[in-house]
Structures are given as structure tokens and as C-alpha cells.
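Hi,

Here is the structure I promised to pass on to you. Have a look at it first, and then read on for what turned up in it.

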Amino acid sequence: MIGRCFTYLSVLLLAGAISGAVWGDITPSYRHDLWNTSAGFPGGYVYSITQTADGYVWIGSSKGLIRFDGTAFVPVRVSDSNPEAKLPVWGLLTDFNDQLWVTDDHTHIFRYSSDRLIGPLPDNGRHRYRLSPLFAKTREGRLLFGSEVQGLIEYERDASRVLLDPSLMPSLPTAVAQTADGTFWIGTEAMGVFRVRLIQGVPEIQHVAALINAKINCLLPIGASTLLIGTGKGLLALHNGTVTQQVRSELRDREIVALAYGMRGDIWIGAEGQLFKASAADIGRDGQINSLDRLGISGAVTALFEDRDGYLWIGGPERIERYRDSGFISYLSSTGLPCVNCGAIYVDHRDRMWFAPWDGGLFRLSEGSIQRIEVAGLKNDTVYSIVGGADNEVWVARKYGGVTRLILGTDGLEASTYTRREGLGQDSVSSIYRARDGTVWAGTVSGGLSRLSGGRWRTFTTRDGLPSNRISAITGSTAGEIFVGTPKGLAALKHGHWVICAAHDGLPPGTVESLFADDSGTLWIGTTKGIAFLESGNVRVPLGAPKALYGEIFGIAENDGWLWIATRDRVLRVRRTALLKQLFDEKDYREFGVADGLPSSEGVKRSCSVVRDDRGRIWFSLNQGISVLQPVAFSTPAFPVTIRFDEMLVDGRPRGQMSIPSGQHRLTLRYAGVCVSNPGGLRYRYRLEGVDSAWSEPTALREIDYTNIAPGRLRFQVMARNPDGIWSSETSTMSLKVEPAYWQTRWFQVGALGALVLLLFGLHRLRLQQLARQFNLSLEARVGERTRIARELHDTLLQSLHGLMFQFQAARNMLPTRPQDAVQALDGAISRTEQAIAESRSAIQGLRYDPAGQSDLAECLSAMAQDLTGKDPNGNSPVFRVIVEGERQALSPLVREEVGQIARELLRNSFQHALAREIEADIHYGDRLFRLRIRDDGRGMDQRILEQGARPGHWGLTGVRERAQRIGAQLDFWSEAGAGTEIQLTVPAAVAYGTTREGDGLKLPRKAKS
């Protein structure tokens, strides 16, 4: 109740004189928000407030139309040509199509669409500055507009119908309304109220006689034919033609400036500096208000509106306020509560709330007044637990003083205390429970469980079957069973015996700190390790529950199928059936906090810290105060969330177009859900089609970054979940396009593909040419080799055989006549035959050499020298050595073959003809060239042979020169008679190795110099 006028003060004072002292009055705290210019409100005088179906709250002020989404106030443009133009908004209204209508201070009418105002609508063209417009709804939900110069007009979309001609309009109209019986009412500034009836389209006007000279500020129709009238001298009720004053003195003789409907039939009444609420149940059919609640506000009231979530919006000069009285109502130390941590609580049958602060004492809150209970030494003791009994009976468990029974009588409180002297197990009692049959159970700190029945106490301990003598919680079922929580498990008294449930029975480990038996017979168990339930004799822990339900559970209560739970750091609700069936949906669980009206979300570790009273309200004792939840609060799911895309940024700069330039950029997408009641409770999931393979995890972020997105058309999708866990049914989508770079365009890719095909084709042709050239070189080498072989065979074997043929022919001719000469000729032929055989063997030996079979050139030369050394019958072969300079590298196959043949021919000449004592081969692997030098200290070469290039009749040197020319090598000779010979072969590195020493890579063939 908000600031209720209290009638029981004298009774409380009397009781206080007997049993304690009146501590003071307390004002309940509602969730309250205040925005002024320093808090983001654009300012101006607020004239009107409304809300559209998408969740936006709209505020009409002297500075224009303002939209609020829960996080920011956004001014609405009047036109695109002049975005800074301000249109004073005097009236706001939504019709049955959810169309938002606006009227300004010149009685023009505008229609809101696509983030701007469209209009003004066509009318008779008669306007006057600061002429108060009339704005209301008809009973069908259409727009009802009126002014002194335009008459009374009904609008449906853009069509209008004149109900009352301007010539018939009362002077200086201030308000208009239509009751359910179809009658129109017009209030004026100084002439009272006029009634207008349309009879076959013809208006009939009647002046209400009782209000002829009254100043009318506002009108509010209720019922079929009742009208509440806010005047300069109080609130009046007009019912069936009769005007009556309100019986409530608060509503008389004060100016009533605003009236508004609530969602549940309540009425809000704004007066000068004050605000009242009349509940629907307290309003009679004749408009008389029997009871009022008062709400403290910050200043003058100029506009009132209750939104769809039950929040009351209050407009004033340069400010706007918001209250909620249908959620959590809190009692705080700042508003009169004598404690911050108020410990155990209990609400009795007469709506009195008892609470025991953590630091000691016992207090009672009744009708807005707090009284300290001082009887039986309670003032100086700490109360651990409180329960009720009969109408005026309260039982308290004390830290030092045992158990005390309090009875409120006509003369005050009567107290009876039970301690060990009376049979209690221990004077330190931690929990207490009163069964339906009147039996009282008291759980002690370490002395077991005591039962008071028939005026006698009996104590149960571990000897009687309890798992522990420390009792932390007690409750009972409708069937009469008693359940006891201890640090070592749960004990149930059935048929006189204790049945134990511990960790091995499925109970979570740790102390049982809270117990709650619901109406269906299920026992809910709160432990230090989470929640469990006992059903049909079995303990079960809900699997797959939200994480908070596996922490420390301080208190549990139930309302309308929901379990309300306080933990160490959360206040939450969870659907009871979801826990039982272990099937959880996001809408089956919700957490509450300061944004919902709680002083904090930290529970209190006391027995009975979460309780339900007889009216269905749930009370929470929290770390910063006490909160009570109304039965209808949060009973209906919150409305689905509308999502708005705010802006797109590219590399931190806003971009109005939905296209992103080419290149590597950081894309930032900003969005927000429209939820004016609890924007912090929204969760989002998103995905960028083509980039994200699945929806994101739920997040509170309203800004998402992407980097290096591939070109193409993309769709960014967002869904929102309201605080009740319900996801929006439709996905909000933003289409955008990432422009490709020129190399990412289709034409460039096609061109690049074509170029690649041409390049591959060119490389293929080049490779074919390379293979053909290598084949030709190999073929030329083979042909040259065959030519050399043929030439050598011709020079040796064939010529010798041809000469032998002539010698044998001559010997045959001489044989008949000259036998002696014939014998000599045959001997010469035989000698020549032996010489031919030796020459043939030497030529064939040269054909058998295979330089490709040797992997290393030095080893190859050594093998050649060894072979040539073995042919000297006298064993006087020269000394041969090989010198290698530089890092050895593999020669290309063609070069290796030609160099080997050249080296063999040169070594053969040195070994067989130079008469040398020493022969040396110098191999140099250079970066730019390959060099082979063969030198000897023999007799040297004739200068004529060097000049002619070969010895007449011999082809060895000629073959050497031809081989050097084929591989692009240079051959140099140095020789003098008696001074030896040196021959140098140099080959370019690119030809000799196939790759240069500076790096590997493909070397295109080139024509070598000869």
C-alpha cells in the first residue's frame, strides 16, 4: 500500500505503551527513475505521454516529440529539409490501428511514420497560437480532436468527420471525452462542462448546470455513464447527470491537473505536487473513491500515463519520472527501516510484518508504523526464526532466551518464554515451526529437536535417530509429516520413527538450510550445494537446471506454479514443473535485481527469510532491506522485444549507406531492443549470413564487430529475449553489401583466369620447346658421338683392314712365282694385323666409358687415370692427382657426359703421348663458372698442331673441341716443347649446374657461345 491513511495509530500507541515503543513511520520504496536535463532528457514542459505497440514510449513536450526505448531519449524530426526544427507537441494519442497522432501548439495534426512527422493533415485552415487542443479517443478507439476554431472532429487514418461545427463549440475548451454510452463531454476553462449527443448525426448540446462556472482541467470516463472531472477545486464525479464531491478529503479543495487509467482498472490522480492512486476495487459505480494511496513525487504533475508493463510515467517541467508499484515494493533503512540486514520475517493474519534484525531485537511493521517489541527481554536478544500460530499468536526462536510465545491482546502483548528449565533441549534455538495441530517444534543450535505438545516438551537427539543435534530448518506437510534439516542430511518423522536421507540417498552434500513443502506434497530442500526435492520418498536433484540453483539456497516459497528462491547472491524464480520434469526452457527461469525494484539480490542466511503471506504476497529478507512481491506481479510474460538497428560503422566512422567499400575494414553493427521496463535484462543472439555458420550464444552486447568480410551481399540477423526468457517471434534483418576490390570483381576474375590459362599454355609450350631443345642437344651429341666412332673406326680399323687386304692380295699374286717375297709380305701383314687389333681395342675401350655412371667428377677422373696407368707394360706410369676447389655441385647430365669425354681424351693423350712424370687435374666449382684444368710436365705439343687444331690423320682434339662447343664451353691450350701442356675447359655456371649458386629456380635455356 502506498502511503495509506492510517486509522490504527491509537491502537499501536496503546500497544506500544504496554509492550514496546513506536520506532517511527516508514514509507515503502518503489522502483523509481527520474530523468532531467542532466540525466539525458532533452527538457521542455511535458504535455503528454503515450506508448505504441512496438514498446516505445513517446513524450510530447514544448521542445518536440521525444522517443524513449529504455536507454536513450531521441528527438523526432519534423521534416528532412530542416532536421533541427522543433515542433511543440501538446497532445499524443494512438488509435486502434496503433497509429501515433500528434498535435502542436497551433492545433495542427501530424501523423508519425518512418522516424518523422508527416503533416499537418488537411483541415479548415483556421488556427490560433497556443489554443489548447483537445485530444482523446472515441469508444471505438478512433482519434477525437477538437479546438475552438475547428470544432470537434473524428479521425480514422487520414479520413475525418466533423462531429461539431466550430460555431457550436464552447468557448475556451480544455478537455474532451466520450463515455461508453456514446455521449461526448467537453470541459472548458471557465464555463464548466458541456454534454454533446449526436441524434441522427445532428449534435445536441447541453450545459451541465452544476458546473457552470467551474474550471475544468481534465476528464476521465469510467463505466457506462460516469465521468471523473478534474477541476481547479478538487475531483468531481458525474454519474447519471448528478455531480458529486469526492468523500476523500485529499481530493477536495485542491487543483486536479491530470487523470489517467491503469492497466488493471486503477486510476491515477495528479494534483499540485502530489499524486494519488485509487485501486479499481475502491472505485464505486458512481465514481466515488473510497480509499487512496499517496505517492511522493519530485514536483508538479503535468502528464500521467501507465504503460503496458505497469509503470507509471509522470511528466513535469524539464523532467520525467517513472514508478512501478506492481512489482517489488521495498522497505529500506533510508526510508525508516531500523536495519540493513533484517534477518527472519513473518507476516501474520492481520497483515502485520514481524522481522528480527541480524544484530538483535524484534520489530513489527503495521499500517506504515514500526514498533520495537521489548517484552520478555527481546530487546536485548537475537531472534533466529519467527512463525505464526492462531490469529494473534507469534512464536520466536531466540539465540539466548529459548522460545517465546507472543499474544496480542486488547491490553497489548502477552509473552510466555520456554527455556531448558521448562524442558527445552537448549536455550539457543535456531529454527521454529508450528504444525497445523498446534504442536510447536524448536530446533536448537546443538541440543537436538524439541517438541511442545500438550504443554510438555520432549527432545529428540541423535540417540533417537536424528543425523545431527544441530537443527537448521523445520517444516511439515499437510499429511502431518515433520521434516528437519541438519548439516548431515534430512530427517523425516514418519509413524514415530526418523527416516534419514543423506548424500548417499541423492541429497546434495552440505547443510540443509531451507525447507518448503508445497500444496501438492513435494518437499523442496535448499542446501549449501543446491536445490533438491523429495517426492514419493525419493530425493532427486534437478539435472540441467540453471547454475544458480546449484549454489547455496537460503529460502523458498511458491506462488502460482513458480518457486521463488533467494540464494547467496540472487533472487530468482523457476517454474516448479520444469524442476520436477527436468525439462528447462529459457522462459522457465528468471533472475531479479535492483532494476526490478529490489534493494539488492543478496539473500539472508536465516530460517524463514522467504515467506508467503495469506494474501499471496511473497516477502524477501535481503541484505539491504525487505521486499514484498504482489501476487499479480510478473504473472504475465513480458511483451516481445522489438529490435532497432541504430547504425553501421566502418573503421569507427558512421556510414549511412548499407554498402561497405572494398578493402580490409572493421565493420561495427549497433542495434538495441526496445524494452523500457528493463533494458538491462535483454539478451541477444545474432548471425551474419555467409560469415557465421550458426546463431551466437545469448549476449547482452549491443555492438558487434566483424573484420575482413568477403565481398558480396550479406544479411545481419538479430533476435532478442525479454527478461522472462521469451525470444522475439520474428528475426530483425539488416541487408548490406560489401563492395569488391577491382581484383575481386567478376570481370577481373574472368580476365585473370584467362591470363592464367594463357600463361599455363605459354609455359607448356615453353616446356615443350625446352624438352625439344634438350632432345635435339642429346640427339646431336649422339650423332656426333656416332660420327666420331665412325671416323675413328675408319681411321684405324677400316684403313688397317683395307691395307691388309692389299697386302694379302699382293702376297697371293707373288705366291706362285715369288714364294719368298710372298712370305715376307704375309709377315708384314701379320704385324699390321696385330697393330690394327691394338688400335681397335683402344677405340672400343673409349666407347665403353660411361661418365654418367660416376656421381662425382673427381672420382671419375681418378678412375680414368687408374685405367690408363694399367696399360703401361713397363709400369712406368706418371703420378696423377686431382685437386678440387669450391663447394662440390652436381653437374647437369649433358655437361657431365661431355666433360667426362673431354677429360678422358685429354688424360689419354697425357698418359700415352706426353711422356710426363706428373699429371694433374684441377677442378674448380665457382659461383659464375665451372673450370677443369689438366696439366702435365711432358714433352709438350708441337706448335703446328696447336695452330692447326689437330695432328694430321688424328681426330682426338677435333672431337674435344666439338664437345666443348656443344655445351657452350671455352677450351684453351698452353704448351711449349719440353715444358709440358696445360688445357683449360670453362663452362658457365648456369649451364654447368642447371641453377646458380645464389638461388634455385627454373632457368630458361639460352643459346651458349661457342
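Predicted model: local features only at pLDDT ≥ 70, side-chain atom pairs only at ≥ 80, totals over all residues.

Residues are numbered from 1 along each chain as its sequence is written, and side-chain values use heavy atoms, leaving out hydrogens and water.

Salt bridges

Lys 494 forms a salt bridge with Glu 481, with 3.8 Å between the closest N and O atoms (a salt bridge is a side-chain nitrogen of Lys or Arg within 4 Å of a carboxyl oxygen of Asp or Glu). Glu 481 sits in the loop between β43 (473–476) and β44 (482–486) and Lys 494 in strand β45 (residues 489–494), so the pair ties together parts 13 residues apart in sequence. Strands here are DSSP E runs of at least two residues and helices are H or I runs of at least four, numbered from the N terminus. Glu 481 is partly exposed too, with a relative accessible area of 25%.

By the salt-bridge rule, the count comes to 51. Another one joins Asp 115 and Arg 67, whose closest N and O atoms are 3.2 Å apart. Asp 115 is partly exposed at 43% relative accessibility, whereas Arg 67 is buried at 11%.

Asp 856 and Arg 888 also meet in a salt bridge, at 3.1 Å from N to O. This pair links distant parts of the chain, 32 residues apart: Asp 856 is in the loop between α4 (819–847) and α5, and Arg 888 is in the loop between β66 (879–885) and α6. Asp 856 is buried at 14%, while Arg 888 is partly exposed at 47%.

There is also a network of salt bridges linking Arg 139, Glu 140, Arg 142, Glu 154, Glu 156 and Arg 161.

A pair of helices

The axes of α5 (residues 857–869) and α6 (residues 893–913) come within 10 Å and cross at roughly 35° (axes are lines fitted to C-alpha atoms over the stretch in contact, and angles run from 0 to 180 degrees between N-to-C directions). Residues of α5 that meet α6 include Leu 857, Leu 861 and Met 864, and those on the α6 side include Val 899, Ala 903 and Phe 911 (contact means heavy atoms within 4.5 Å).

Enjoy exploring!

Conventions. Buried < 20%, exposed > 50% of the residue type's maximum accessible area, 1.4 Å probe, protein only.
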